[in-house]
Amino acid sequence: MPVLWSCVWRSFIFGASLRLISDVVQFANPKILGLIISFAASDEPLWKGILYAFTMFLVAALMTFTNTAQFGRFFVLGQHVKTILTSAIYRKALRISNSARKNKTVGEIVNLMSNDAQKFQELVMFVNMLWSAPISIVLAIYFLYQELGVAVFAGVAVMLSLIPLNTYIVNRARTLQVKQMKNKDERVKMMNEILSGMKVLKLYAWEESFEQQIRNIRNKEVNTLKKSAYLNACSQFIWNCAPFMVSCLTFATYVLIDEKNVLTPSKAFVSLALLNLLRMPMSMLPNVINQLVQTWVSVNRINSFLNAQDLEPYVTHHESSVGPITVENGTFTWGEEPTLRNINMKVAKNSLTAVVGAVGAGKSSLISALLGEMDKISGSVNSWGSMAYDKVIEACALKPDFKMLDYGDQTEIGEKGINLSGGQKQRISLARAVYADADVYLLDDPLSAVDSHVGKHIFDQLIGPNGLLKDKTRLLVTHGITYLPQTDNMYVLKDGEVSETGTYQELLEKKGAFAEFITQHITEEIEDEDELDELQEQLANTPIAKEITRTISRQRSRLSESGSIGSQNGLDRTESRESLRSNGMKRKPSMSIRKMSVGRSSNKGKEPGEEPPSKGKLTTVEKEEKGNVKWDVYWYYLGAIGIAFIVGTILFSIGFQVFGIATNVWLGMWSEDPNMVVDGKVDAALRDMYLGVYGALGIGQALSILSSSLIFTKGTMFAATKLHNFMLKNVLRLPMAFFDTTPSGRILSRFSNDIIGIDLRLPMTFTVFFQNTFRVIGTMLVICFTTPLFTAVIIPLLAIYIFIQRYYVATSRQLRRIESVSKSPIYSHFGETVTGTHVIRAYGQVARFTEISENKVDLNQKTMYPSNSSSLWLTVRLETIGNLIILFAALFAVLGKDLNPALVGLSVSYSMNITNTLNFLVRMISDVETTIVSVERIKEYGEMETEADWDIPNKKPAETWPENGQLDFKNFSVKYRAGLDLVLKGISFHIKGGEKVGIVGRTGAGKSSLTLGLFRIIEAAHGQILIDNKDIADIGLHDLRSRLTIIPQDAVLFSGSLRMNLDPFDKYSDKDVWNSLELAHLKEFTKGLSGGLSHIVSEGGDNMSVGQRQLVCLARALLRKTKILILDEATAAIDLETDDLIQKTIRTAFADCTVLTIAHRLNTIIDSDRVLVLDQGKIAEFNTPKVLLDDKTSIFYGMCKDAGIV
């Protein structure tokens, strides 16, 4: 806070000075009102009355000037404060330490920027009330004392007695605010995870479970909101009653303490005018204190984030003769136990150094430690020369991809690279690293998940001794042993420590951890005798030759025993291996890249009337409504509240106004009653009657406002729940194409900002709108009734007022919409930044990303400034109309000398309040229009066209369907979205139940599209798919998707218990869950966790390794155990060890199921009964592996040949 104050204090002091002038000047008009009432009862010359009227007008005009200038100053100040905080939060997010970051989810950090910083801006507008309101209250009491003497202290006592009550309300509000923000954070975080994992939810048919989880959090949030709203209604009741209670008690005390005290029109209406001036600061003060409390919660949240521990820059950059990378006695952690211990490492300049080790040994952590991304416990790290880093580089051959993309390298990449396959993302990532032209390259397992030929290409052309980076220092983490002989030095990691170091030859001679690693690799990974021959030859003259020979002999006998596995479709599985050997094929990993969701944009394959996508663009532009908000949006919101609630609110609001006018009219009659004083004595009975009725009318007024607030609160909370659930339900049912083309930040904005709109802003705006509408009508009726001549003036003034109001609202509405649309990109960019901080830091791009963020914030500020300027433009004009009403009301009262003083007092005192009321009314009309945009945006998402029905009751398949798992594709064609080409073009084939089919094809052949079509993630353009002779287009999506199982390429986990991640519907027993974990090789791991099945998985599964996450996906599949299993490149991103575990489990657990495997490593489909080869969306080949390999002209044989394994 002190830092923030030092940035803005000059502007604040200037604005506060203007506020002080306005506060003092406002007390001139009640004094002038007293003079006008006295003038009406006297014989003073007319010019005096006219002078009083014009003086009143000039005082009001001066107040207009100072208030407008002050508001303008503080709005700009608010913008500055928000910008400062937004920038500070963004910069902090780029340097926060890992241990501190663990306690903050992406959703929570984005909330700091979107909501907490916004609260500061809102508070700045009214923070002056904290000192201004007490000054106004003191001045009002002083002038009231001059009118009513000591009687005023009775009113002061009432105000003082309300302070403890207000303190309780404020404390309770603070508690509820903290609770509500916590619930909101939890909901937004969960929604963020759902949007990130939407594809997985759809594939597993899990939407309903997660919808219920969001609803449960929302219910907690709404319950807290209800308590806050009822508390606010009570607060409104107290502070609306307070001015009347003060005036009633003051007048009662005045007339009762001394019989000589008689209430005259001058005393009554001047006191009333002063009490009205007291009303604003008294009613605003609790609101401002409440807002201060809410902002203080935000202060603590922002402080907690900004004061969190920074990433300690422990990497030094001194030039050293030892080499570009040196680590001495380094111990590093991710925030809990040490992950790496006693690391000593020296990497020579321009050398190629390999880091090897088993899964979980700490290889990736070592790369992070060298980049300064971990927390250092002890030791030192020195690196000199610029660094480039790439997480998992797979390939750099980008030319074919640019040819596939419609606009080459100008094609827009969607959020999180949504329109690129995993392989393409990483080839682009590699190109980025090479362009960085660094001195040191840290390569984290770039060869684990690529085709052999791509791996060879990367190594030879880029990483190896003759590659593009041969004159650079390279540290290579790898699982593959093929390239190790070409490295200059090696480090072997085991359990977070360096167990061995040396050259390839030296490590073999040591017969230590590295020799064990090779033995394990042979036993678990190699299933091809030619590869065994090659390894035996390679290691023949090494010290471990004898051990290797024994291991290879055991592996050969194991392979020959497995030859007795039963054959299917006339092809023995061993026979397929024999055909591999006869073709000279060596078992090496094979990879095929997933079909992208962006196709070419020629007109082939398009439906008539389809529009092509805009050039190079994937992300859709956010829809921005124009013109008036349609009436059906208002009816929609009012309908959500409920007609009974609306009617009740309106009736009680009218009642509040009627009782208010009645009290003032009654006060006028009381002060003018000639029978009050008879023979110099006050008629006590008459006085008590007037006082009693005055009090009763005040009670009626208080009960009306309380009833109105409570009824409207109940209705708006009902609407808030209904609208949120309506949008949530529809968003979860939208087709996948929507999520591919809409940034998650934009959708999250609807679930955060727009939901806040209907939770808080809209109810408050409508409440004030109703109150001010009836107040304006009441004021006009009173003035016209007391001075009928005023009617002639009110008509032209009303015409001008309506013109200004319409002109302003149209402009303001559109400016607010533009501002709303410019806000989403700030949060989208911030969300992506928080997710990718390590990459931004590694490339030294912190300054560039900060500048991008600040440019987006600047654009948003540029749209807010005109919006504020238009508001000030409105204020000047409206207050001028209000000032003219004061002038004419006073002038007509002066000119109509036959008017009695009570009516003059009533007319002029009401006109004095009109300025604020008119101003508030137009602002509320504008605010209702701009805030109702939240409903418009929620309604838009709630009414979007959804995918097909989840359940069709009259077409439900049998419980046992599919019994055989037979698949028939008949002339099946599909496209990703309207406007794109067909990605599968009229394919037809038949798969028998229980058959194992491998699906291969080059990038863009349509392999993943076939899977998405089978799950109806994308619907057929033509043709049909039959499962056990049932057309899948005829049944509900959930009936289809729940009977299929997929292990997808990306292992997506959600925050929550491990059990919830396996079985979100709680359909299976704990025994079933443990069995699935055992089969997935995760039972021991889970038993070792403190919570077991209740172990909390962090956001995105960050507290589990990539391999473990993939095994959780396998456990999901084992738990569902459906008749059809699809593996969509399920092992593309994991190490060979985990891949081997998955393949073995699938062979045994799914022996009687139909298994479709989209091939990544060729060894995974060589055992298949048949191989389906796709090429450019058509079936090129479909036969047994033996037949395809025997045909030297086949594409399949060509792929094997390209991989260098034929």
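Two strands pair if DSSP finds at least two bridges between them, and strands (E, at least two residues) are DSSP runs numbered from the N terminus. This is a predicted model, in which local features need pLDDT of at least 70, side-chain atom pairs count only at pLDDT 80 or more, and totals for chains, interfaces and linings use all residues. Residues are numbered from 1 along each chain as its sequence is written, and side-chain values use heavy atoms, with hydrogens and water left out.

**Exercise 1.** Determine which strands pair with β15, and in which sense.

*Solution.* 
1. Strand β15 covers residues 996-1000.
2. With β22 (residues 1154-1158), β15 runs parallel, joined by four bridges; here G998 has T1157 as its bridge partner.
3. With β23 (residues 1170-1175), the pairing is also parallel, over four bridges; V997 stands opposite R1170.

**Exercise 2.** Identify where the model's confidence falls under 50.

*Solution.* 
1. pLDDT is the predictor's confidence in each residue, from 0 to 100; the protein averages 79.
2. Residues 560-615 stay under 50, yet the model gives them 160 contacts (heavy atoms within 4.5 Å) beyond four places in sequence.
3. Where pLDDT is low, the predicted coordinates should not be read in detail.

Methods. Buried < 20%, exposed > 50% of the residue type's maximum accessible area, 1.4 Å probe, protein only.
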